[in-house]
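Dear colleague,

Here is the structure for your files. My notes on it follow below.

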Amino acid sequence: MNYMTTAEIREKYLAFFEEKGCKRMPSSSLIPDDPSLLLTSAGMVQFKPYFLHQKELDSQYIGTTTVQKCVRTNDIDNIGDARHLSFFEMLGNFSFGKYFKNEMCAWAYEFSTEVLGLPAEKLYFTVFENDDETIEIWKSLGVPEDHISKLGEEDNFWRAGPTGPCGPCSEIYFDQGPDVGCGSPDCKPGCDCDRYLEFWNCVFTQYDGQEDGTLAPLQTKNIDTGMGLERIAAIMQGVTNNYDTDILRSLVGVGEELSGKKYRQEVETDVCLRIIADHSRSITFMIADGILPSNEGRGYVLRRLLRRAVMKGHSLGIEGAFLTSYVNKIIELMGSVYPELVENEELIKRVVLSEEERFGATLRQGQAYLDDALSKMEGTVLSGSTAFVLHDTYGFPVEVTTEICEERGYSIDEEEFARCMEEQRNRARAANVKDAEAAWSTYGGVHADLLKELGATEFVGYERLSADAKVCAIVRNGERVDSLAAGEQGEVVLDVTPFYAEMGGEVGDTGTITADGVELQVTDTKAPEKGLVCHVATVASGVLTVGMAVSAQVDAKRRACIARNHTCTHILHAALRQVLGAHVKQAGSYVGPDRLRFDFTHFESVTPEQLKQVEELANNVIMSATATNIFETSLAKAREEGVTALFGEKYGDVVRVVKVGDFSSELCGGCHVANTAEIGLVKIVSESSVGANLRRIEAFTSYDALAYLNGFEHQMKELSATLRVPTSDVQARVEANIKQLRDLNAKRKANKAAAATGELPEALDQFTVGSDYPVFIYRKDGIDAGGMRNFWDIVRSRLPEAGACVLASDNQGTPILLAAGTDEAVEKGFNAGAVIKQISREIKGGGGGKPTMAQAGGKDASGIDAALDAARKLFA
């Protein structure tokens, strides 16, 4: 058995099954093309339509083979041991009825023994206890009977759910030797120890589970296999720990260099180094696939992994932001296999750096949360639920919380914390099971059945806006019907359509469907299943029936507006990248007939000057009357030519490229103008934040841009008439009026202060109490909190060095209290915060502050006098 690198194993696997007749396909995105899944965690996810025969593989291939990047976090708390990973690569080969058990077993044995060179005597096999067929196949290949074990349904029978596709599986194990085993004479594959390492699972999906528990044969028998690349790499590299394999060991080395700590010297250090090595891969690949940190969904998974890695780095003594060092190494090691890492390198680094800095602020918030929790405790034991919130929301490891608590004389309810953690793990396990079921469950519903029966709708809307077609199906209220009568609404499926279905941010077309005596108004066009176009329509007259020949006509004016806006989003994207940098990536859009919205990755507000540059660049391209060039090519060739792929989007082998001269080149399936002159002009009307590291611009083009500018012109003329100046002088007149208003306000405040100063001498004599130092207690209605602070400044100038005040105001029905004192008064015992805390209950309010100044608001202004009386008693 010769040493092999991870890269060599990956390539040998793909080449082997390619030679057998499988189509080599790229890894799909970590964002599944399936709303029921959070993240891609299995190789078969992208092939679900093939298994369900909604898509067909080219006849020249017998199946597919891939290496799939996967992220799974249901066992996140185990990561750092020898085996568990959040990011892993899964080698797989898949058949959709072309080959089955005999071929799969033979090829698995051939690849294991001849390509990898694994000693046959070290290979062991498990099969489902009732699957005698597979046992005989393994024996026919030369596998000794004592190397085959039967296991029950829990271990060796795969199900998508209670019903649906299922079948037995057979797993291949490698005997790592008794040195890593449990020592039991009964030790065999399936034992919990590490001696027998499972590295390949072959699933034979041959049954359709029924509701009564019986198994009906599937019409076509399928193969779904998975070989963990990190596991087989460990075997081929002679190590018993995934983190000792070439790629992961290199990442552990990054941590050693950054921290100055050595691997394999202390258990706690080793765990931290492994966790950062693992999490850094998940972080890098997730961002490359279009996932950004957030507080929900995939973004929350990413944020949690990143913060956990940062905390482990801090535990190792690494100071400052450090994860970009890992990003550099990951791109160096894996960028040639996953080009999206290289394409998005700058973005990945910017997001990681921004999130590390943001986490610093969150840690401070977590510290404040813990301080507040401890200040409110009556006992000495912090609740486990509070420790869990710190762990889950703020990224505080329980060890850090425990250490802080112990320093202050507190402990943690560890049992309650453990229960919270177990509940979270159970939720994660349930979600993982749900993901597994969803990954194989049929799409279900009428639309999936239609796609399977009718196939994809032929779309001709790029070339023309009308087409003769046949009504293939009608859906009303979720059920297929044979007809739609006047006044009824439903979804109409045609064999051919010029209508573009809502996709990629572009809204669906509207228009008409007509036949003799029949007219339908199409109000929207959807694709509930990829490839199936449904026209949402209401019958205006006549009766539409299945099988009827019709004419489909798109609203040409509306489509033209949409096309202008869509091409403009491409131009704006390129302009933003030129002005702001290559880290800018499209992260969402809305392309309608009346406006466009464009979301993009960026880490700060776009300045007015930058926005002006973007708009000018875009309009220069529009007004230069540049022709667009739209063509299809292979994804590989498009990437070689530097065509922009949309952030997080998923593409097939053949892609559609939209080029705007030499200015913009993007992969896109939407509708576009033939020449930029058709757009007329673009006017950006807003720029805002829509989340962490995400910005949004909104804009109008063509007629809508003109209407927007005309609206501004109308407003300017109205303002000009109101101010009685020419439009050219409006700005100067408004600025002069604002200055005059400010001057008047300043005079009013000065007059109020003078009035307050005038009444102060008599008030000081009349309302001052206290023995150790004077305390001025006074009510001054009609001033806000800022006015009260100003009043304190005046009072302080009239008091001795050690002096204080308690002030109150009824400000238009809202009671306000303020207590303040000089430093010398505080030294003699005055505490403004304590005073406010004690008297604010009289106004049904609360507040706080420092010993030198505190204030409170309330709900009951009638309690002001009682509050001041309470203050007098404090200082009597």
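Arg 159 is partly exposed, at a relative accessible area of 31%. Its side chain meets that of Glu 153 in a salt bridge, with 2.8 Å from N to O. Glu 153 also counts as partly exposed, at 38% relative accessibility. Please keep in mind throughout that this is a predicted model.

A second salt bridge has another setting. The side chains of Arg 559 and Asp 509 meet at 2.8 Å, N to O. This pair links distant parts of the chain, the two residues being 50 apart. Arg 559 is in helix H17 (residues 556-580), and Asp 509 is in the loop between strand E17 (496-497) and strand E18 (511-515). Arg 559 is buried, because its relative accessible area of 7% is under the 20% cut-off. Asp 509 is buried as well, with a relative accessibility of 0%.

Arg 872 forms a salt bridge with Asp 869, and the closest N and O atoms are 2.8 Å apart. The two residues are three apart in helix H25 (residues 864-875), so about one helical turn separates them. Arg 872 counts as partly exposed at 28% relative accessibility, and Asp 869 is partly exposed at 39%. Elsewhere, salt bridges with shared partners join Arg 303, Arg 307, Glu 355 and Arg 358 into one network. The count of salt bridges comes to 40.

Which charged residue is buried yet has no salt bridge? Arg 564 is such a case: the nearest side chain of opposite charge, that of Glu 678, is 5.6 Å away. Leaving aside neighbours within four places in sequence, Arg 564 is in contact with Val 673, Glu 678, Ile 679, Thr 701, Ser 702 and Tyr 703.

On the surface, Glu 801, Asp 823, Glu 824 and Glu 827 gather in a patch of negative charge. Glu 824 has its place in helix H23 (residues 823-827). With a relative accessible area of 32%, Glu 824 is partly exposed. For the chain as a whole, the mean positions of the 90 positive and 129 negative charges are 6 Å apart.

Two residues have backbone angles to check. Asn 477 has a phi near 55 degrees, a positive value in a residue other than glycine. Asn 477 lies in the loop between strand E13 (466-476) and strand E14 (479-481), and is exposed, with a relative accessible area of 72%. Lys 844 likewise is not a glycine and has a positive phi of about 55 degrees. Lys 844 is found in the loop between helix H24 (832-839) and strand E34 (846-849). At 58% relative accessibility, Lys 844 counts as exposed, because that is over the 50% cut-off.

Thr 814 is found in strand E33 (residues 814-821) and counts as partly exposed, at 39% relative accessibility. Apart from neighbours within four places in sequence, Thr 814 is in contact with Ser 809 and Gly 858. How far is Thr 814 from Leu 520, in sequence and in space? The two are 294 residues apart in sequence, and 61 Å apart from C-alpha to C-alpha.

Last, the chain overall. The chain has 25 helices and 35 strands. Its C-alpha trace spans about 110 × 80 × 55 Å along the principal axes. Of the 876 residues, 49% count as buried. Among contacts with a separation of 6 or more, 68% are between residues 24 or more positions apart. The chain exposes about 39800 Å², and carbon and sulfur atoms supply 47% of that area.

Regards

Technical notes. Residues numbered from 1 in each chain as written. Predicted model: local features only at pLDDT ≥ 70, side-chain atom pairs only at ≥ 80, totals over all residues. Heavy atoms only, no water. Patch = residues over 30% accessible without salt bridge, like charges linked within 9 Å, V, L, I, M, F, W, Y side chains within 5 Å. Areas by Shrake-Rupley, 256 points an atom, 1.4 Å probe, with all protein chains shown as cover. Salt bridge = Lys/Arg side-chain N within 4 Å of Asp/Glu carboxyl O. Lys, Arg positive; Asp, Glu negative; His and termini not counted. Charge placed at Lys NZ, Arg CZ, Asp CG, Glu CD. Helix = DSSP H or I, 4+ residues; strand = E, 2+ residues; numbered from the N terminus. Buried < 20%, exposed > 50% of the residue type's maximum accessible area, 1.4 Å probe, protein only. Contact = heavy atoms within 4.5 Å.
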